Amino acid sequence: MRVSKRATGAVALGAAFALVASGCSGSDSDGGDAGASSDGAITIEGTQPENPLVPSNTTETGGGKIIDWMWTGLVEYPNDGGAPRNALAESIETTDSKVYKIKIKENTKFHDGTPVKAKNFVDAWNWGAYSPNGAQNGSFFADIDGFTEVHTEDPDGAEGPQKAPEPTAKEMKGLKVLDDWTFEVTLAAPTAVFPTKLGYSTFMPLPDAFFTQKPEEFGRKPIGNGPVKFVSWEDDQMIKLTRFDDYQLRDKMKIKDVNVRIYQDDTAAYNDLLSGNIDFMQQVPVSSLAGDKWKTDLGERAIASTTPSTGIIAFPIYDKRFQNAKLRKAISLSINRQEISDKIFFGNRKPADSWANPLTPGAAPGNCTSCQFNPDEAKKLLAEAGGFTGKLTLAYNADASHKEWMEAVAQQIKTNLGIDAVAEGVPTFAVFRQNINAHKMTGMYRAGWQQDYPDVENWVNPLYVTGGSSNDGLYSNKEVDRLAKEASSAANIEESHAKFAEAVKLIDQDVPSVPIYFGGQQSGHSEKIKKLELSNVGELDITSVEL
């Protein structure tokens, strides 16, 4: 294994960066000829992105991994799970965790040849935060002073008659360009975890060209600043990327082209991997896990890793049928997670017992009391909730291996509670996510969460705070909001984590979703690839690939 990506250049921020993101990376055995790779190409498995590729409007992994490859942010998260390190940032300085002076490396370029300047960060963040622009990740800018003036919420949701108030400002007063390469960020309150967030895609810079066209037009032909640039996108078929030869940071590409083939069926993708028609698959189908068949099929090309992700089933709390917390807890207690881990995943997933994946800094194991299997208590709570009338659907995207475990969960709910539960597949992930984001779900649905940055804050604010970017079920608890706000503005990481633990206790009482399993990943690559690494969240590190 070569030295893990981004192995040098730690950010000098003292305790704020004394964090460890405990992901695991995998690689092939030593070997490979870097010189032979320089004009090579690989084809990898992917899914159709939900939206055009704009960083602050992408919340799912299909488009997210493309953005991760096409952009480089201020900081980056090492493959080996180490603390975040500077990438495009030359320095990030603060004396009080409230005012941050950020200097970027000079004369790096976007893919259109224009320089990446401080204003490209400030303009991008202001655009993402301004609520009329509708960026799904807008809430990630909530730490910045002036966010509440640029971001307003619809008081009765998208379906209601009222409209969100017009923001009183278009730019956050907490952002200030000091010179071409330096900008200042003033937060509404001291926030020790803020620098850790800055490697997440929503904080990427946008070129001047973005602001001269419609966001959806830019997103169909995106311009990033990372090691690969966009070539073409054929819906449901292929996204093509190629090496950006003017990339000036470390970890340049060792190969030339990356083709992302879009699949609607992961078994078809797996068959293509075995036949050499694609070169990498991030997660092999569940059907190949029985008896470790995938290891037999792939041999030394099989990669097992552990990732900070959790399989979840969520409730559409905007539906009145799911607004009783006792009903939600009853359903959760009726699920035997160990049985699903053993019989469906053949031990390749671990039963979830906490609200944040325990690989995450600040996450406490075992704090999900509703994750226990207790059918007797479940029946009692269901009765107290008044029962459940009609069919309970559990929706999932059918283009990946979710059918088996979702059907198993539905059968357990049916057996243990007498509810007419049934799992129903939606053909593609893109359509599935569109329905979720439009708040059109009429039953429970597969959700899942892969951490964006290594801190427990990422498992609370986006998912369970009112208006959070991925709070798709519209769960709301004012006390959770208050505690999360206090945690986010804590003076140090330790205080922040303690306050988030208080918020999680309330989340555990409300059961806004149902954690099912902790992620274990089984990947595979072709014989063509001689060296590779996975990122700390299990994505292929395309800059590591040698042929």
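Let's start with Trp-405: at 1% relative accessibility it counts as buried. Buried here means under 20% relative accessible area, exposed means over 50%, and partly exposed lies in between, with a 1.4 Å probe and protein chains only.

Two words on the ground rules. This is a predicted model, where local features need pLDDT of at least 70, side-chain atom pairs count only at pLDDT 80 or more, and totals for chains, interfaces and linings use all residues. Residues are numbered from 1 along each chain as its sequence is written, and side-chain values use heavy atoms, with hydrogens and water left out.

Aromatics next. A pair of aromatic rings is described by the distance of the centres and the angle of the planes. The rings are those of Phe, Tyr and Trp, the last by its six-membered ring, and they pair if their centres lie within 6.5 Å. Planes under 30 degrees apart count as stacked, over 60 as edge-to-face, and the rest as tilted. How many aromatic pairs does this rule give? The count comes to 20.

Take Phe-322 and Phe-388. Their ring centres are 5.7 Å apart and their planes sit at 35°, so this pair is tilted. The pair links distant parts of the chain, 66 residues apart. Phe-322 is in the loop between strand 12 (302-314) and helix 9 (325-333). Phe-388 is in the loop between helix 11 (375-384) and strand 14 (391-397). Helices (H or I, at least four residues) and strands (E, at least two) are DSSP runs, numbered from the N terminus. Both Phe-322 and Phe-388 are buried.

Back to Trp-405, now with its partner Tyr-517. The ring centres are 5.2 Å apart and the planes are at 85°, so the pair is edge-to-face. This one also links distant parts of the chain: Trp-405 in helix 12 (residues 403-417), Tyr-517 in strand 18 (residues 513-525), 112 residues apart. Tyr-517 is buried too, with a relative accessible area of 11%.

There is also an aromatic cluster. Its members are Tyr-100, Phe-121, Trp-125, Phe-141, Phe-183, Phe-194 and Phe-203.

Now a charge over a ring. The test is NZ of Lys or CZ of Arg within 6 Å of the ring centre and within 35 degrees of the ring normal. Arg-220 lies over the face of Trp-233, 4.0 Å from the ring centre.

Another arginine: Arg-433, in helix 13 (residues 429-437). Buried or exposed? With 9% relative accessibility, Arg-433 counts as buried. Which residues does Arg-433 touch, leaving out those up to four places away in sequence? They are Glu-50, Thr-59, Glu-60 and Asp-472. Contact means heavy atoms within 4.5 Å.

On to the cysteines. A disulfide is a pair of cysteine sulfur atoms within 2.5 Å. By that rule there is one disulfide. Cys-368 and Cys-371 form it, with sulfur atoms 2.1 Å apart. The link is right-handed, with 80° about the S-S bond. Both Cys-368 and Cys-371 are buried.

Last, backbone angles. Asn-107 is not a glycine, yet its phi is positive, about 65°. Asn-107 sits in the loop between strand 5 (99-104) and helix 3 (118-129). Its relative accessible area is 46%, so Asn-107 is partly exposed. Val-511, also a residue other than glycine, has a positive phi near 50°. Val-511 is in the loop between helix 16 (493-510) and strand 18. Val-511 is buried, with a relative accessible area of 0%.
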